[in-house]
Amino acid sequence: MRLFRHYFLFALIVAALLSVPAGLVLLDAAGRLREVQAAGTVVAHLRHTSDLLRALREEQAASVRLHAAGRAGQTELATLRGQTDAALAAAPLPGSGAVRSVADDGEMNLVRLRRAVDDGTTDGIELLLGYRSLAERTQAVRAPDLPASLVGPVAAWLTLWRSMDYVAQKRDAAWLGATGHGAAGGAVVFELCTLATRLDEQVRRRVEWGLPPALAAAVAAAAQGVSEPALQRCAGPAASALSRGDVAAQLDALAAAESQVVQWIAAAAQQQLLAAWGRGFVTVVTGGALLLLLALYGFYLLRAYGRPLAGLARTVRILRQDPAAVARADAVGDGEMALLAAAFNELVDLRQEYEQHQRLSDSVFEHALDGILVTDAGGTIQAVNAALGAMLGYPGRTLMYRNVRLFKSGTHDAAFYRAMWQAIDEQGAWCGEIWNRRSDGALVLMRLSIAAVRDGAGTVLRYIGIYSDVTEQRRAADELSRVHAYHRTVIAALGEGLYCVDGDGVLRFLNPAAERMLGWREEELLGRNAHDAFHDRRSDGTPLPRGDCMLLGVFRDGIVYQGEEVFTRRDGSRFPVECHSTPLYENDVLTGAVVAFTDISRRKEDAQRIRHLAYHDGLTGLANRSFLLQHLRLLIAQGQRRPQPLAVLFLDLDRFKQVNDSLGHHIGDALLTAVAGRLRGILRDGDLLARQGGDEFIVVCTAAAAAADDDDGACRSAMEVAAKMHTVLSQPFLIEGQELYIGASIGISCLPKHGDDADTLLRRADQAMYQAKNAGLDTAVYTRGDDRYLQDKLVLETRLRGALARNDLLLLVQPVVDLASGRIVGGEALLRWYDGGRIVAPDVFVPVAEDTGQIVGIGAWVYTEACRMAARWRRQEAGFVLAVNLSPRQMVDRSLLRGLCDAMATHGLERDSLELEITESVAMSLPRRARRSICWLRQHGVRISIDDFGTGHSSLARLQEITADRLKIDRSFVKGLPDTAHSVTIVRNTIALAHDLGMSVVAEGVETEAQRRLLLEMGCDHAQGFLFSRPVDADEFTRMLEGGVLKPAAES
């Protein structure tokens, strides 16, 4: 809309501009009209003046004649001169300078003529009195202002008339005067003629100047000869007549010229008017046409350029309000405005892209983690981001316009800076680490990258620096280097071999342990393939293809491998290793592997030995109960697929306890070994001989092929084996020079007649053995009547349930004595059951209590009663400790901890006054929760001891995990002291092991003084046994405790 307003304003301005020349033309035409009117007036005046001049000429002629008859006096002549001057002054002269010059020349000639007449003596000059009337008449011919084109002709015409009339008058006067004055008059006439001739020439020149060529020629012809000098005609009367005739002819010619001049003036005026109107018309028409063309062109411009420019203006306003707006100009068509709009849009896109890049650059500059600095060529800071200010401790814009020398730390010498600036001058950039100083004076290590910005001539304009604080990185690198060196030291000190290979299996690193195990130095193996170097053989010496190599499988599968392999030493010997291979990745690409390996030769030997010990008896070398059960279950499983009868023989030695108790455990052990040897000699290859424990042996034998189809064939075959066993056992044994005789009771159970699982067969063979022992038989086969044993066990279980309520249970205490001083330092609480006046052995009712779960209640009564007694004795003897046995069932009972704590709290017993005894077998098989309970008790002051050590399957790792306070050596080992070398060795090593583990040692079953002395020499701490005292009741134990030192029974 604003553009339309501008367009209309432009049209008005153009119209106004065109109206000015049109007005000027109209004013010119009006002026021309007035000039034409003035020209008409002038023509009328000129005609009137011509008439007056003619009349005046006639009057002058009469005056001349009159004056010829009588002259006027001098006074009248003077008056005539004054009037002539006035007439000359009043003559109508044009305003043009050129015309005025002609008039002035004519006046000058008249003046000169007047002076010539005044100087003469002729009286004819007074004839000029006629000019008075001419002057008066001329006053009426004062012309108005004329156009410039008419001023010349009118002035020339007037001058012509006045000149010719004046000359004619003077000539006539001269002729008249000359006729009467002789020689003097002739001279005057001659001068007048000469003057008239010069005047005539001037008049002709003036006339030709102001008129058109044709009109000027006519006027000049009319004036020719009016004043022509004719000296020969200047004397005599004929001259006057001739002169008058010439004058008359000339006057007629002048009249004709006058008519032409008047017509020319009118025609010229008319032409002036027509020209003015023509110019005005042309101007108006041209201006209108021009105005119309301008209007049409303006509309075209408005249509072609106005709308696009208006849209462009709107886009500019939108972009001015929001530089990021998406407004664009319409670029429609292919004209200049479309090109302009496209160029404008391109400029807008470029500007927005530039602004976006600028904003991005500003954002990067401000939010960059690295410090960025821009300086001029002299090092004055021109721009700096916040990160650098934070690094150097300069907040805000405090660094602006300061010199970078502010950061100089003084750490680097001049050579450092020279090298830096030399690199910048030669290469345009420098990168390195430099120490700078913070605002607080602290030094900071920074990585600096400097780049020089140059102009086209190579002159440095500014420097750009990027700073990164690498103080922590340097510290981390130093720490990493230290850790790396530490790790290399650790790796070098590792007992495990360690080597690294690349993706092709080529060795890149070996640690000293690997060198030592393989027999190679690292530099000898680097670059070789590990498989080819020491892993290309199996354990049997056959080649190991790469496709079967599990270590190389890491590169195929990309997973961790752990297993056993065989490596080859440099000398060709092979050894088993346990390998752990871990793949190495870089950017998810498998690039190698690291292999840790350990020489397990000793471990395999130990494992073989341990495996043998785990399934064999340590004394006799026979299979133990575990191996027996596995073997028996395997045979039963095989029999289910292919029936194969077998028999189980349960053997218990007779009179072995007497031999063991009377002759010592070492004799008993030797006897057991001899028995095992004899039994092994009579069995077939398919039969199995195992030691159950103590003096019990078990034989598993398969039936012969002939007896396999008979249901009783297995039993008959077993009876035959039993007979052989009795035969070999009936012969005397010679042990250490003593001849010993023993017997055996054998019970037999057969598959499938007496059971179809291993436990049932063993239990029923055991029942048959007790049947044979009770019946006084050598051998018995299981019968249903043997279930009486189970009935007796049920009765025992029932009576045991009421034992607590009937107070049939009693705690006896056996003292524990310090071997060095003999002082009682503690005791062991032993449970006894008095059932109807008979004492039931603990090994009879305790298993029943454990099977039925009554052991939990009984055990709670035991440790509660023990806490009561221990509290009383602790007050008597400082440091007194009472030991209580815990059964396996109690160890897994959840109420054990709470019950123990409540009992000790109830009786005010200090926790270190109670010691819980756990058998070795129980300790080695405790579940994790029970182990945690034991650890908790020990951490809270309750003492833990391992009972019957050496009789179970010991695990040093488990023993270390339990961390007991005391270790009790089983009586079976003490019994062989001091005569049995094996027993001595076992006891000595056990004592040393316990002391090394921080445990004290108690020897059980000490019965002889020799045993006591040997144990003391071995460093055993405490002992208990019949040598010192049998188990006694609480009152008796109190009296013993009051006595202090307990002497051995032999001494007492």
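Visitor: Over the ring of which residue does the charged end of Arg-1030 sit?
Guide: Welcome! This is a predicted model, in which local features need pLDDT of at least 70, side-chain atom pairs count only at pLDDT 80 or more, and totals for chains, interfaces and linings use all residues. Residues are numbered from 1 along each chain as its sequence is written, and side-chain values use heavy atoms, leaving out hydrogens and water. A charge sits over a ring if NZ of Lys or CZ of Arg is within 6 Å of the ring centre and within 35 degrees of the ring normal; at 3.9 Å from the centre, the charged end of Arg-1030 sits over the ring of Phe-1026.

Visitor: And which ring has the charged end of Arg-570 over it?
Guide: Here the distance to the ring centre is 4.6 Å. The ring under the charged end of Arg-570 belongs to Trp-520.

Visitor: How many helices and strands does the protein have?
Guide: Both are DSSP runs numbered from the N terminus, helices being H or I with at least four residues and strands E with at least two. On that basis, the secondary structure comes to 34 helices and 26 strands.

Visitor: What share of the residues in the protein is buried?
Guide: Buried means under 20% relative accessible area, exposed over 50%, and partly exposed in between, with a 1.4 Å probe and protein chains only. Of the 1052 residues in the protein, the buried ones make up 45%.

Visitor: How are the rings of Tyr-394 and Phe-407 arranged?
Guide: Rings of Phe, Tyr and Trp (its six-membered ring) pair if their centres lie within 6.5 Å, with planes under 30 degrees apart counting as stacked, over 60 as edge-to-face and the rest as tilted. Both Tyr-394 and Phe-407 are buried. Their centres are 6.3 Å apart and their planes at 50 degrees, so the pair is tilted.

Visitor: How is the pair of Phe-416 and Trp-430 classed?
Guide: The ring centres of Phe-416 and Trp-430 are 5.9 Å apart and the planes at 90 degrees, so the class is edge-to-face. The pair links distant parts of the chain, with Phe-416 in helix 11 and Trp-430 in strand 3, 14 residues apart. At 15% relative accessibility, Trp-430 counts as buried. To repeat the class: edge-to-face.

Visitor: Which residues have the most contacts inside the largest nonpolar core?
Guide: A nonpolar core is a set of buried Ala, Val, Leu, Ile, Met, Phe, Trp, Tyr and Cys residues joined through side-chain atoms within 4.5 Å. The largest has 73 residues, and its largest share, 10 residues, comes from helix 25. The residues with the most contacts inside this core are Trp-873 and Leu-1015.

Visitor: What percentage of contacts between residues at least 6 apart in sequence join residues at least 24 apart?
Guide: Contact means heavy atoms within 4.5 Å. Among contacts between residues at least 6 apart, the share joining residues at least 24 apart is 63%.
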